[in-house]
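Keep the viewer open and try each task before you read its solution.

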Amino acid sequence: MSHVTPDVLSHVTADLPKLELLPAVDVRDGQAVRLVHGESGTETSYGSPLEAALTWQSSGAQWLHLVDLDAAFGTGDNRDRIREVVAAMDIRVELSGGIRDDDTLAAALATGCTRVNLGTAALESPEWVAGVIAEHGDRIAVGLDVRGTTLRGRGWTRDGGDLYETLARLDSEGCARYVVTDINKDGTLQGPNLELLRTVCAATERPVVASGGVSSLDDLRALSGLVGEGVEGAIVGKALYAGAFTLEEALAAVAE
Ligand SMILES: O=C(O)c1ccccc1N[C@@H]1O[C@H](COP(=O)(O)O)[C@@H](O)[C@H]1O
(Lines give C-alpha, C1' and ligand atoms only; values in the text may rest on other atoms or scores of the structure.)
Protein backbone atom coordinates (compact mmCIF):
# COMPACT_ATOMS: atom_id res chain seq x y z
CA MET A 1 0.00 0.00 0.00
CA SER A 2 1.32 3.45 -0.89
CA HIS A 3 2.11 5.83 1.96
CA VAL A 4 2.27 8.78 -0.42
CA THR A 5 -0.66 11.10 0.22
CA PRO A 6 -2.03 13.42 -2.51
CA ASP A 7 -0.60 16.31 -0.50
CA VAL A 8 2.90 14.87 -0.70
CA LEU A 9 2.45 14.18 -4.42
CA SER A 10 1.58 17.79 -5.16
CA HIS A 11 4.69 18.76 -3.20
CA VAL A 12 6.84 16.46 -5.38
CA THR A 13 5.40 18.01 -8.56
CA ALA A 14 5.95 21.51 -7.21
CA ASP A 15 9.61 20.65 -6.62
CA LEU A 16 10.26 19.95 -10.29
CA PRO A 17 12.33 22.69 -11.91
CA LYS A 18 10.48 25.03 -14.26
CA LEU A 19 10.92 24.71 -18.00
CA GLU A 20 13.71 27.06 -19.14
CA LEU A 21 12.85 29.24 -22.12
CA LEU A 22 15.50 30.11 -24.69
CA PRO A 23 14.36 32.78 -27.13
CA ALA A 24 16.23 32.31 -30.39
CA VAL A 25 18.24 34.80 -32.41
CA ASP A 26 19.37 33.22 -35.69
CA VAL A 27 21.74 35.41 -37.67
CA ARG A 28 22.00 35.35 -41.46
CA ASP A 29 23.82 38.00 -43.47
CA GLY A 30 24.00 40.19 -40.36
CA GLN A 31 20.24 40.09 -39.71
CA ALA A 32 18.04 38.28 -37.20
CA VAL A 33 15.94 35.89 -39.29
CA ARG A 34 13.54 32.98 -39.02
CA LEU A 35 13.51 30.12 -41.51
CA VAL A 36 10.85 27.56 -42.37
CA HIS A 37 12.06 23.93 -41.95
CA GLY A 38 15.57 25.43 -41.72
CA GLU A 39 15.65 25.90 -45.48
CA SER A 40 17.97 28.48 -46.90
CA GLY A 41 15.99 31.03 -48.92
CA THR A 42 12.94 31.00 -46.64
CA GLU A 43 14.23 33.81 -44.42
CA THR A 44 11.96 36.39 -42.87
CA SER A 45 14.11 39.22 -41.53
CA TYR A 46 13.59 40.80 -38.11
CA GLY A 47 16.33 43.42 -38.13
CA SER A 48 19.28 43.80 -35.81
CA PRO A 49 20.32 40.65 -33.89
CA LEU A 50 21.60 42.82 -31.05
CA GLU A 51 18.28 44.63 -30.70
CA ALA A 52 16.39 41.34 -30.78
CA ALA A 53 18.67 39.83 -28.11
CA LEU A 54 18.39 42.93 -25.91
CA THR A 55 14.61 42.82 -26.25
CA TRP A 56 14.48 39.19 -25.05
CA GLN A 57 16.87 40.00 -22.22
CA SER A 58 14.86 42.99 -21.03
CA SER A 59 11.67 40.91 -21.26
CA GLY A 60 13.05 38.57 -18.61
CA ALA A 61 14.81 35.80 -20.55
CA GLN A 62 17.42 33.88 -18.56
CA TRP A 63 18.85 32.28 -21.71
CA LEU A 64 19.47 33.24 -25.32
CA HIS A 65 19.81 30.64 -28.09
CA LEU A 66 22.09 32.29 -30.66
CA VAL A 67 22.79 30.73 -34.06
CA ASP A 68 25.23 31.75 -36.77
CA LEU A 69 23.22 30.45 -39.71
CA ASP A 70 25.81 31.40 -42.33
CA ALA A 71 28.39 29.32 -40.48
CA ALA A 72 25.90 26.43 -40.29
CA PHE A 73 25.15 26.64 -44.02
CA GLY A 74 28.79 27.22 -45.01
CA THR A 75 27.98 30.61 -46.58
CA GLY A 76 30.37 32.66 -44.45
CA ASP A 77 29.96 33.70 -40.86
CA ASN A 78 28.66 36.45 -38.58
CA ARG A 79 31.41 36.22 -36.00
CA ASP A 80 31.60 39.96 -35.28
CA ARG A 81 27.83 40.24 -34.79
CA ILE A 82 27.79 37.12 -32.64
CA ARG A 83 30.63 38.43 -30.44
CA GLU A 84 28.83 41.76 -30.09
CA VAL A 85 25.58 40.07 -29.02
CA VAL A 86 27.19 37.74 -26.47
CA ALA A 87 29.20 40.64 -25.00
CA ALA A 88 26.00 42.65 -24.51
CA MET A 89 24.19 39.87 -22.65
CA ASP A 90 23.95 39.60 -18.85
CA ILE A 91 22.09 36.34 -19.34
CA ARG A 92 23.35 32.88 -20.37
CA VAL A 93 23.95 32.22 -24.05
CA GLU A 94 23.81 28.93 -25.94
CA LEU A 95 25.77 29.44 -29.16
CA SER A 96 25.63 27.31 -32.29
CA GLY A 97 26.33 27.17 -35.99
CA GLY A 98 29.57 26.17 -37.67
CA ILE A 99 31.40 25.00 -34.55
CA ARG A 100 33.23 22.09 -36.08
CA ASP A 101 36.94 22.19 -35.21
CA ASP A 102 39.45 23.53 -32.69
CA ASP A 103 39.52 27.04 -34.13
CA THR A 104 35.76 27.54 -34.39
CA LEU A 105 35.26 26.02 -30.94
CA ALA A 106 37.92 28.26 -29.39
CA ALA A 107 36.36 31.34 -31.02
CA ALA A 108 32.88 30.34 -29.83
CA LEU A 109 33.96 29.66 -26.23
CA ALA A 110 36.01 32.88 -26.19
CA THR A 111 32.85 34.93 -26.78
CA GLY A 112 31.95 34.14 -23.16
CA CYS A 113 28.89 32.09 -24.06
CA THR A 114 27.70 29.66 -21.41
CA ARG A 115 27.73 26.67 -23.72
CA VAL A 116 28.05 25.74 -27.36
CA ASN A 117 25.81 23.46 -29.37
CA LEU A 118 27.52 21.16 -31.87
CA GLY A 119 25.59 19.80 -34.86
CA THR A 120 27.49 18.64 -37.94
CA ALA A 121 30.67 17.87 -35.99
CA ALA A 122 28.84 15.31 -33.87
CA LEU A 123 27.93 13.47 -37.07
CA GLU A 124 31.12 13.89 -39.07
CA SER A 125 33.90 14.16 -36.47
CA PRO A 126 32.94 11.79 -33.65
CA GLU A 127 36.47 11.47 -32.24
CA TRP A 128 36.94 15.23 -32.05
CA VAL A 129 33.55 15.61 -30.37
CA ALA A 130 34.37 12.90 -27.81
CA GLY A 131 37.55 14.83 -27.00
CA VAL A 132 35.83 18.19 -26.55
CA ILE A 133 33.10 16.62 -24.41
CA ALA A 134 35.85 15.19 -22.19
CA GLU A 135 37.66 18.54 -22.07
CA HIS A 136 34.78 21.01 -21.72
CA GLY A 137 32.01 18.96 -20.05
CA ASP A 138 28.87 20.99 -19.46
CA ARG A 139 29.92 23.72 -21.90
CA ILE A 140 29.24 21.30 -24.76
CA ALA A 141 25.74 20.37 -25.89
CA VAL A 142 24.93 18.42 -29.03
CA GLY A 143 22.16 19.43 -31.37
CA LEU A 144 20.22 16.44 -32.65
CA ASP A 145 18.48 17.90 -35.69
CA VAL A 146 16.16 15.24 -37.07
CA ARG A 147 13.76 14.39 -39.86
CA GLY A 148 11.89 11.33 -38.65
CA THR A 149 14.72 9.52 -36.88
CA THR A 150 17.46 10.54 -39.33
CA LEU A 151 19.92 13.20 -38.23
CA ARG A 152 20.78 16.06 -40.58
CA GLY A 153 23.96 18.10 -40.77
CA ARG A 154 25.59 20.83 -42.89
CA GLY A 155 22.71 23.26 -42.61
CA TRP A 156 20.30 20.32 -42.40
CA THR A 157 21.03 19.44 -46.04
CA ARG A 158 22.79 16.10 -45.48
CA ASP A 159 21.82 12.88 -43.76
CA GLY A 160 24.01 12.06 -40.79
CA GLY A 161 22.90 8.71 -39.41
CA ASP A 162 20.42 7.33 -36.97
CA LEU A 163 19.23 9.45 -34.06
CA TYR A 164 19.25 6.69 -31.44
CA GLU A 165 22.61 5.18 -32.44
CA THR A 166 24.22 8.61 -32.25
CA LEU A 167 22.50 9.37 -28.96
CA ALA A 168 23.83 6.12 -27.44
CA ARG A 169 27.36 6.93 -28.61
CA LEU A 170 27.25 10.50 -27.26
CA ASP A 171 25.75 9.30 -23.98
CA SER A 172 28.61 6.82 -23.55
CA GLU A 173 31.04 9.68 -24.12
CA GLY A 174 29.42 11.76 -21.38
CA CYS A 175 27.60 14.37 -23.47
CA ALA A 176 25.95 16.68 -20.94
CA ARG A 177 22.82 17.69 -22.82
CA TYR A 178 20.98 17.50 -26.15
CA VAL A 179 19.11 20.10 -28.13
CA VAL A 180 16.51 18.17 -30.10
CA THR A 181 15.03 19.84 -33.18
CA ASP A 182 12.29 18.35 -35.31
CA ILE A 183 13.17 19.92 -38.66
CA ASN A 184 9.69 19.23 -40.04
CA LYS A 185 8.26 21.43 -37.28
CA ASP A 186 10.91 24.16 -37.18
CA GLY A 187 9.61 27.61 -38.12
CA THR A 188 6.13 26.27 -38.88
CA LEU A 189 4.12 27.18 -35.76
CA GLN A 190 2.61 23.66 -35.85
CA GLY A 191 3.34 22.67 -32.26
CA PRO A 192 6.33 20.71 -30.93
CA ASN A 193 6.82 17.00 -31.57
CA LEU A 194 6.03 15.77 -28.07
CA GLU A 195 6.26 12.13 -29.07
CA LEU A 196 9.81 12.57 -30.37
CA LEU A 197 10.81 14.40 -27.20
CA ARG A 198 9.32 11.68 -24.99
CA THR A 199 11.14 8.98 -26.93
CA VAL A 200 14.46 10.80 -26.76
CA CYS A 201 14.01 11.43 -23.03
CA ALA A 202 13.32 7.73 -22.52
CA ALA A 203 16.55 6.89 -24.34
CA THR A 204 18.84 9.13 -22.30
CA GLU A 205 19.31 10.29 -18.71
CA ARG A 206 20.69 13.62 -19.90
CA PRO A 207 18.58 16.78 -20.12
CA VAL A 208 16.92 17.67 -23.39
CA VAL A 209 16.22 21.14 -24.78
CA ALA A 210 13.25 21.06 -27.14
CA SER A 211 13.33 22.99 -30.38
CA GLY A 212 10.92 23.42 -33.25
CA GLY A 213 7.26 24.18 -33.68
CA VAL A 214 6.28 26.10 -30.53
CA SER A 215 3.22 28.12 -31.52
CA SER A 216 1.24 28.88 -28.38
CA LEU A 217 1.30 29.14 -24.61
CA ASP A 218 -0.44 25.76 -24.53
CA ASP A 219 2.53 24.26 -26.40
CA LEU A 220 4.79 25.63 -23.66
CA ARG A 221 2.49 24.17 -20.98
CA ALA A 222 2.65 20.81 -22.78
CA LEU A 223 6.46 21.01 -22.81
CA SER A 224 6.41 21.95 -19.12
CA GLY A 225 4.54 18.69 -18.60
CA LEU A 226 7.61 16.84 -19.92
CA VAL A 227 10.05 18.33 -17.40
CA GLY A 228 9.70 15.24 -15.21
CA GLU A 229 10.67 13.08 -18.19
CA GLY A 230 13.83 15.09 -18.91
CA VAL A 231 12.87 18.13 -20.98
CA GLU A 232 14.84 20.96 -19.41
CA GLY A 233 14.12 23.81 -21.76
CA ALA A 234 12.43 25.00 -24.92
CA ILE A 235 13.75 27.17 -27.71
CA VAL A 236 11.16 29.65 -28.93
CA GLY A 237 11.62 31.44 -32.22
CA LYS A 238 8.94 32.18 -34.79
CA ALA A 239 6.10 32.43 -32.26
CA LEU A 240 7.83 35.32 -30.47
CA TYR A 241 8.80 37.14 -33.66
CA ALA A 242 5.32 36.65 -35.16
CA GLY A 243 3.71 37.99 -31.96
CA ALA A 244 1.77 34.80 -31.11
CA PHE A 245 2.56 35.65 -27.47
CA THR A 246 5.02 37.82 -25.63
CA LEU A 247 8.04 36.50 -23.81
CA GLU A 248 6.56 37.84 -20.56
CA GLU A 249 3.41 35.76 -21.19
CA ALA A 250 5.56 32.73 -22.02
CA LEU A 251 7.59 33.07 -18.82
CA ALA A 252 4.38 33.42 -16.79
CA ALA A 253 2.89 30.31 -18.49
CA VAL A 254 5.86 28.10 -17.57
CA ALA A 255 5.92 29.48 -14.02
CA GLU A 256 2.29 28.39 -13.36
O1 LIG B 1 18.36 26.99 -36.34
C2 LIG B 1 18.09 26.84 -37.53
O3 LIG B 1 17.04 27.28 -38.04
C4 LIG B 1 19.05 26.09 -38.41
C5 LIG B 1 18.72 25.88 -39.72
C6 LIG B 1 19.58 25.20 -40.55
C7 LIG B 1 20.76 24.72 -40.04
C8 LIG B 1 21.10 24.90 -38.73
C9 LIG B 1 20.26 25.58 -37.88
N10 LIG B 1 20.52 25.81 -36.56
C11 LIG B 1 21.43 25.24 -35.69
O12 LIG B 1 22.79 25.25 -36.18
C13 LIG B 1 23.49 24.30 -35.45
C14 LIG B 1 24.22 23.35 -36.36
O15 LIG B 1 25.34 23.96 -36.88
P16 LIG B 1 26.57 23.02 -37.27
O17 LIG B 1 25.98 21.88 -38.00
O18 LIG B 1 27.20 22.62 -35.96
O19 LIG B 1 27.40 23.90 -38.11
C20 LIG B 1 22.47 23.49 -34.66
O21 LIG B 1 22.42 24.00 -33.34
C22 LIG B 1 21.19 23.80 -35.38
O23 LIG B 1 20.10 23.56 -34.53
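Contact here means that heavy atoms lie within 4.5 Å. Keep in mind that you are looking at a predicted model.

**Exercise 1.** Find which residues the UniProt annotation "active site" covers, and where they lie.

*Solution.* Step one: the annotation, from an unreviewed UniProt entry, covers Asp26 and Asp145. Both Asp26 and Asp145 belong to the lining of the largest cavity. Step two: look up the strands. Asp26 sits in strand β1, residues 20-28, while Asp145 is part of strand β7, residues 140-147.

**Exercise 2.** Decide whether Asp145 is buried or exposed, then list what Asp145 touches.

*Solution.* Step one: buried means under 20% relative accessible area. Asp145 has 13% relative accessibility, so Asp145 counts as buried. Step two: skip residues up to four places away in sequence; Asp145 then touches Thr150, Leu151, Arg152, Trp156, Val179, Thr181 and Ile183.

**Exercise 3.** Find which side chain joins that of His65 in a polar contact.

*Solution.* Step one: locate His65 in strand β4, residues 63-68. Step two: His65 is buried because its relative accessible area is 7%. Step three: the partner is Glu94, and the polar contact between the two side chains spans 2.6 Å. Glu94 is also among the contacts of His65, along with others including Ser96 and Asn117.

Methods
Residues are numbered from 1 along each chain as its sequence is written. This is a predicted model: local features need pLDDT of at least 70, side-chain atom pairs count only at pLDDT 80 or more; totals for chains, interfaces and linings use all residues. Side-chain values use heavy atoms; hydrogens and water are left out. UniProt positions are given in the numbering used here, feature names are shortened, and annotations may be inferred rather than shown by experiment. On a 1 Å grid over the protein atoms alone, a cavity is a set of points where a 1.4 Å probe fits but cannot get out, and a pocket is an open set with protein on both sides within 12 Å along at least five of seven lines; lining residues have an atom within 4 Å of a point. Helices (H or I, at least four residues) and strands (E, at least two) are DSSP runs, numbered from the N terminus. Buried means under 20% relative accessible area, exposed over 50%, partly exposed in between (1.4 Å probe, protein chains only). A polar contact is a pair of N or O atoms within 3.5 Å; within protein, one must be able to donate a hydrogen and the other to accept it, and residues adjacent in sequence count only if both atoms are side-chain atoms.
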